[in-house]
Amino acid sequence: MTIVAMSKLLAIAPKNNRRLLLKELTQRGCVEIDSSAEHLTEEEWAEVAERFEDLTDVDRRLGTLSSARELLDRYAPSKSGFLSARRQISEQEFLNETIVKEAQAEAELVNDWGRQSTACAAEAVRLAARKAALIPWQSLDISLNAPSGKYYHILLGVSPVAGTAAQELLDAAAAAGPAELQLIGSDREQHYYCLILHAKFYDEVMDGLKSKGFSVVSFKDTEGTAAENISNLDTQLREVEEKRQEIINHIKEAGDKKAAIEQAIDVLTIESKRDQVLSGLAATKQTLYLEGWTPKSCESAVAEVLERFGCAYQFLSPEKGEEAPVLLTNNKYVEPFTMVTELYSMPTYTSGLDPNPFMAPFYFIFFGLMMADMGYGLVIAFAAHYIIKKSRPDPGSIKERLMKLMLYCGISTFLWGLLFGGFFGDAVSAFSTKILGIDFGLRPLLFDPLGEPMNLFIMALAFGFIQTLLGLGLNAYKMIKHGQVADAVFDSGFWMLLLLGVPLCVVNVNAGLSVMGAGALGVVLFAGRENKNPLRRIVGGLGSLYGVTGYLSDILSYSRLLALSLSGAVIAQVMNTMGSLGGRSIIGVIAFFVVFVIGHVFNVAINIIGTFVHTSRLQFIEFFGKFFDSGGKPFTPLFNKTKYVEITKEAH
């Protein structure tokens, strides 16, 4: 239950074994490699090394596989639920290069079908657009490119509906000379005409018509009537759609290859990340320089890999003040709560203090105290347990830790509900009394918060007082660990003494005031100890003593335990009251259960969010603010992180 001790790794590796070396280190999952190419900005490094460059087609292959998977998702979707677990395969099968090569070939074939399908779709759009352009002319019984003669012209044209009226345009054509303008059809935007006129009067007629919005249209390379062309286009559209459907059927038939393609995506994604690591290394003609971190406990395993690949290496302890990456190790009960700390920040490596074992019990207690309902606790716990069993998230992943956190918090909610007598609020009492006409209800083992809110308020402040003292104690422990014993006494010890005097006053006023006085005197005398001038030192100490208001304010912040607990209970009670308004009847029973389900689902959802936020806030501000050194860099080793498959370790 601490921050894992880290060793700095320095290694020189042969270039020819680089990929196999990184593959082995990835399988070990305990080495973080930093960018050694940063040293190339230094003159002595630039003279003998350069940034490693190794052009590969991994990203291209990954793109091919991803595109194929998208096509299979679209045309051959797998029947998997939202919480479906990933496919389990052995490590040996996962690393089978034959499967990856076959998946790559299949993906290229699927992508080729996809391109053909896209081409068919584009052709269908082109044909449909051409058909749409011909539809207004389908009643015209002459060829669209009917030839004009020596003495006459046959023209097709249009005019906007919003312009000159069709009849006015027909009259204008007749008045201009020997010409006949026939209205073929209209739509929302245009009128469509066929114009036949004497060649001698072409200019006069056309000038008159153009002035009224008439414009000529032509259909190049088009033979026959509009109706004949539309019929041909319909035939082509059917043929294109049949071809496209045949291609899609090929894609659907390849649906059974999706699992292999997903496995190949995971394999190449890991390989791509290894390539990114390689691109950040300094190199000579024959070697690569690796620099990174590994837990001290893993030194022998890492050394075995490095020696097998002919590497020169060295493990060093972090230099004084050097911030190594942080890896936290906790037992299975505390581990889920680490995600709460990570939302805030990782502790620094030099602090040497993991807050999670001390924070976890309070988080467990506070979450349950804020919701405090047996029914809600059962819902949360069983839902979390079901999600874990159904989806099988990766060990240590955010999803797994969140669900386990909710499982534990559901248990806490149930236990506090048992103490306070809440089961979906007062659902038992409301249903028994209002619907069944029986005077029956659950009795609290401790007390009813709605009936005795002051008891809950005192309990909340007591928890706040205890956690505040613990925070000061951890701050003292941290300073003592770093050899700052006097600072631990002056900056934490006297404040703890001062605060301990407050509850002691309840037992014995004189003893309590004496303890408070001793603590206050210590703060006044030593809080401003950096000042050499005695007067300034005392003034500084008196100013620091004002900080007691901050501690009292922090303790009062724990009253939100009361507020959240009461608000959830009141909303639950209101829902039960609304549901029981139907009275003692079949309709009343149905109404009760409808309101019960809707109301309590809403209340659980809202309370989970509010409780999570406020419980976390108490840890981040009121607790962590006393001792926590934030800003640590999490340990991010090379490891086989997969999205689509779950790698099972083989027994040796």
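**Sheet, helix contacts and side-chain pairs**

Biologist: How many bridges join β6 to β8, and which way do they run?
Modeller: β6 and β8 are antiparallel, with nine bridges joining them. Bear in mind that this is a predicted model.

Biologist: Which residue stands opposite L195 in β8?
Modeller: L155 does.

Biologist: And what is the strand order in the sheet?
Modeller: The order is β7-β8-β6-β9, four strands in an open sheet with antiparallel pairing. β7 (179-186) and β9 (215-217) are the edge strands, each pairing on one side only. On average, neighbouring strands are turned by 35° against each other, direction ignored.

Biologist: How many bridges for β6 with β9?
Modeller: Three bridges, antiparallel, with β6 covering residues 152-160. In that pairing L156 stands opposite V217 in β9.

Biologist: Which helix packs on the sheet?
Modeller: Helix α7, residues 202-210. α7 touches β6, β7, β8 (190-198) and β9, and its direction makes about 160° with that of β8.

Biologist: Back to β7 and β8. What joins them?
Modeller: A hairpin, through three residues. The two strands pair over seven bridges in the antiparallel sense, and G185 stands opposite Y192 in β8.

Biologist: Changing topic. How many salt bridges are there?
Modeller: A search of the whole structure finds 25 salt bridges. One of them is R19 with D275, where the closest N and O atoms are 2.4 Å apart.

Biologist: Where do R19 and D275 lie?
Modeller: R19 lies in helix α1 (residues 18-28) and D275 in helix α9 (residues 258-278), so this pair ties together parts 256 residues apart in sequence.

Biologist: What about aromatic pairs, how many?
Modeller: The count comes to 34 aromatic pairs. Y363 and F612 make one example: their ring centres are 6.4 Å apart and the planes are at 70°, so the pair is edge-to-face.

Biologist: Why edge-to-face, at those planes?
Modeller: Because planes over 60 degrees apart count as edge-to-face, and the planes of Y363 and F612 are at 70°.

Biologist: Which helices hold Y363 and F612?
Modeller: Y363 is in helix α12 (residues 356-371) and F612 is in helix α22, so the pair ties together parts that are 249 residues apart in sequence.

Biologist: Last topic, the surface. Which residues make the nonpolar patch?
Modeller: I586, I590, V594, V597, I598 and V601 make a nonpolar surface patch of about 600 Å². I590 lies in helix α22, which spans residues 586-623.

Definitions and conventions: Residues are numbered from 1 along each chain as its sequence is written. This is a predicted model: local features need pLDDT of at least 70, side-chain atom pairs count only at pLDDT 80 or more; totals for chains, interfaces and linings use all residues. Side-chain values use heavy atoms; hydrogens and water are left out. Two strands pair if DSSP finds at least two bridges between them. Axes are lines fitted to C-alpha atoms, for helices over the stretch in contact, and angles run from 0 to 180 degrees between N-to-C directions. Contact means heavy atoms within 4.5 Å. Patches are made of residues with over 30% relative accessible area and no salt bridge: like charges are joined within 9 Å, nonpolar side chains (Val, Leu, Ile, Met, Phe, Trp, Tyr) within 5 Å. Accessible areas come from the Shrake-Rupley method with a 1.4 Å probe; for residues, only the protein chains shown count as cover. A salt bridge is a side-chain nitrogen of Lys or Arg within 4 Å of a carboxyl oxygen of Asp or Glu. Rings of Phe, Tyr and Trp (its six-membered ring) pair if their centres lie within 6.5 Å; planes under 30 degrees apart count as stacked, over 60 as edge-to-face and the rest as tilted.
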